[in-house]
Amino acid sequence: MKAALLEEFEQPLNVTTTRDPVLPDDGIVVRVNTCGVCRSDWHGWKGTNPLIKRPHVPGHEFAGDVVAVGPDCHQINIGDRVTAPVIMGCGCCPTCRQGQLTLCDTQHVIGFSGWGAFAELVAIPYADSNAVVLPDSVGYDVAAALGCRTTTAFAAVVDRAQVRAGESLAVHGCGGVGLSAVSIGAAVGATVIAVDIIEEKLHLAKEAGATHVVNAATVNDVAGTIREITGGGANASIEALGITETFHNSLRCLAKFGRHVQIGQPLDDHATPLIPLLETVYYRQLSIMGSRGLSAHRFPALFALIAAGRLDMQRLIKNRITLEQASDVFYQMDNHEDVGITLIESI
Ligand SMILES: [Zn+2]
Ligand SMILES: [Zn+2]
């Protein structure tokens, strides 16, 4: 098959012909139609994800057609249009059987612990529990654009923070996952305050439904500004960058009893920030939560938001590229010049 191989970190991907994926007994093989390019792929390309063993094929935000079904997979058929979550639980362990597949101890993280979908073909293990058949109303591009960003944002805003209509939601960082959190917050009827340092991203956040935007490069006190806008603090706040400073802004912008959800992946020095425990969690009774991925059985709730016209993914898709152009996007991400969602549509 044709695939984009990561052979050297921070070097252009090698688009070449390589071996086809092996069909898992309990899995499927999908012919990739569309695959998103995500900041998590960029982290892998930079060499900061310990799961990745080279040569490697990145790509975890795909949609396509099932071309092979293993003997122990019973729910999925050849020809089905499918996507799948980035984190795939085994479906059988006690955690998975409680519906928490993103916490499975033997999880397969597509495009990280195994080869991904910057390729013609991709293998999906545990397919009965993880393959999501697309309704006719969801195109390949929308399914790929949901990617890990919108599914993660949905889990964070709806399932973890449980943001309700009329509440306020601050979103720190308007890259892919941050913009998605803005969209989901607006879709459930929250007042959304979006924060970034790039005007173009704040403009996109407004398009995605943010009621207020804060440029952190031009205001002295981001958290104070949000507390002013919301009249005392946001009910919920999402950190979507994995940066210590924005994590602290997120905690400090919250109202009493507010809920912080960490969806930015805090790497390197940002992995162990100091927490002002007394002032935040104790006196102001804040909740600090993490959220990572979305289990397959929750995808239909996300599709329902799209079908109801409350979530428009098309307007977030800004670039449609070929497989050969994927490396260029990584170099743009080096400088945070990527805006909106980029999809590989020609493989
Ligand atoms: Zn499991
Ligand atoms: Zn992703």
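Q: Two residues are in contact if their C-beta atoms, placed from the backbone, lie within 7 Å. What covers the buried residues of H11?
A: Some ground rules come before the case. This is a predicted model, in which local features need pLDDT of at least 70, side-chain atom pairs count only at pLDDT 80 or more, and totals for chains, interfaces and linings use all residues. Residues are numbered from 1 along each chain as its sequence is written, while chains are lettered from A and ligands numbered from 1 in the order in which they are written. Helices (H or I, at least four residues) and strands (E, at least two) are DSSP runs, numbered from the N terminus. Now the case: the cover over H11 includes strands E1 (2-5), E3 (28-37), E16 (317-322) and E17 (341-346), together with helix H1 (39-46).

Q: Which residues of H11 are buried?
A: Buried means that 20 or more other C-beta atoms lie within 10 Å of the residue's own; exposed means 12 or fewer, partly exposed in between, with C-beta atoms placed from the backbone. In H11 (residues 326-334), Ala-326, Phe-330 and Met-333 are buried. They share one side of the helix, because they cover an arc of only 60° around the axis. That arc is taken from the directions from the helix axis to the C-beta atoms. After H11 comes His-336, with a positive phi near 55°.

Q: How many of the residues of H1 are buried?
A: Six of its eight, so H1 is largely enclosed by the rest of the structure. The buried residues of H1 are Arg-39, Ser-40, Asp-41, Trp-42, Gly-44 and Trp-45. Their cover includes E3, H11, helix H4 (140-160) and helix H5 (176-187). Gly-47 follows H1, and its phi is positive, near 95°.

Q: In what order do the six strands of the open sheet lie?
A: Two strands pair if DSSP finds at least two bridges between them. Here the order is E12-E11-E10-E13-E14-E15, with parallel pairing. E12 (212-215) and E15 (287-290) are the edge strands, each pairing on one side only. From one strand to the next, the twist averages 20°. Axes for such angles are lines fitted to C-alpha atoms, for helices over the stretch in contact, and angles run from 0 to 180 degrees between N-to-C directions. Four bridges link E11 (residues 191-196) to E12 in the parallel sense. Ala-194 faces Val-213 in E12.

Q: Which strand does E3 join through eight bridges?
A: E4 (residues 61-69), and the two run antiparallel. Arg-31 stands opposite Asp-65 in E4. E4 is also joined to E5 (residues 81-83), antiparallel, by two bridges. There, Asp-65 has Arg-81 as its bridge partner.

Q: What are the domains of the protein?
A: Domain bounds come from an automatic or database domain assignment. Domain 1 is 2-134 + 313-346, and domain 2 is 150-290. Twelve residues from domain 1 and twelve from domain 2 make the contact. Their C-alpha centres lie 27 Å apart.

Q: What radius of gyration does the protein have?
A: The radius is taken over C-alpha atoms, and the globule rule is 2.2 Å times the number of residues to the power 0.38. For 347 residues a compact globule would come near 20 Å, and the protein agrees, with 20 Å. The C-alpha trace spans about 55 × 40 × 35 Å along its principal axes. Of the 347 residues, 53% count as buried. Among contacts between residues at least 6 apart in sequence, 69% join residues at least 24 apart. The protein has eleven helices and 17 strands.
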